[in-house]
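Hello,

Here is the structure I promised to pass on to you. Have a look at it first, and then read on for what turned up in it.

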Amino acid sequence: MTDGAPSYRELADLGFDHQPLVLAGDPEKAEAHLPMIHLVFSNLKTWLLARIMDGSNPALQAYLNEYVFRFNRRFYPMTAFNSALGLAARSVSPTYAQLYSGEWEHPGSALPIEAA
């Protein structure tokens, strides 16, 4: 379910069950049908623009994973810190050579991380 933005028209052609809901700029309707969604996507767009210029960045999935992690823990900063610390302690980090040679694959992505 999306708003009636033209950018979503191709979803049905791609096999998605697209149900557009035209809200005609009415904030009350938007909040009733898609609570907080505008805030989430606005924050996501702003956050991503600070990190990438287009969608072709091979680290895009890693950036999205980080955004979701931060967003889900936004009210509990100490929990976020403890979660990140626990994840870091249990994961194997790539070496400098692996990162900059392009051979390392991010666990959440099928694309290798490339040097900028």
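Which residues form a nonpolar patch on the surface? They are Met-78, Phe-81 and Leu-85, and together they have about 330 Å² of accessible area. Please keep in mind throughout that this is a predicted model. Met-78 sits in helix H4, which covers residues 77–90. This residue counts as exposed because its relative accessibility is 54%, and the cut-off for that label is over 50%.

Now for the overall layout. There are five helices and two strands in the chain, and their order along the sequence is β-β-α-α-α-α-α. Of the 116 residues in the chain, 18% are buried. The accessible surface of the chain is about 9000 Å², and carbon and sulfur atoms account for 60% of that. As for how the chain meets itself, take the contacts between residues at least 6 apart in sequence: 27% of these join residues at least 24 apart.

On to the inside. In soluble globular proteins, nonpolar side chains tend to be buried together. Here the largest nonpolar core consists of six residues: Val-40, Leu-44, Trp-47, Leu-48, Tyr-67 and Phe-71. Two elements, helix H2 (37–49) and helix H3 (60–72), each give two or more residues to this core. The biggest share comes from H2, with four residues.

Once its neighbours within four places in sequence are set aside, Phe-71 is in contact with Met-36 and Val-40; Val-40 is itself a member of the core.

Phe-71 also takes part in the one aromatic pair that the structure holds. Its partner is Tyr-67, and the two rings are stacked, with 5.9 Å from centre to centre and 25° between the planes. Why are Tyr-67 and Phe-71 separated by about one helical turn? The reason is that they are four residues apart in helix H3. Both Tyr-67 and Phe-71 are buried, which means that each has under 20% relative accessible area.

Best wishes

Note on methods: Residues numbered from 1 in each chain as written. Predicted model: local features only at pLDDT ≥ 70, side-chain atom pairs only at ≥ 80, totals over all residues. Heavy atoms only, no water. Core = buried A, V, L, I, M, F, W, Y, C linked by side-chain atoms within 4.5 Å. Buried < 20%, exposed > 50% of the residue type's maximum accessible area, 1.4 Å probe, protein only. Contact = heavy atoms within 4.5 Å. Patch = residues over 30% accessible without salt bridge, like charges linked within 9 Å, V, L, I, M, F, W, Y side chains within 5 Å. Areas by Shrake-Rupley, 256 points an atom, 1.4 Å probe, with all protein chains shown as cover. Salt bridge = Lys/Arg side-chain N within 4 Å of Asp/Glu carboxyl O. Phe/Tyr/Trp six-rings, centres within 6.5 Å; stacked < 30°, edge-to-face > 60°.
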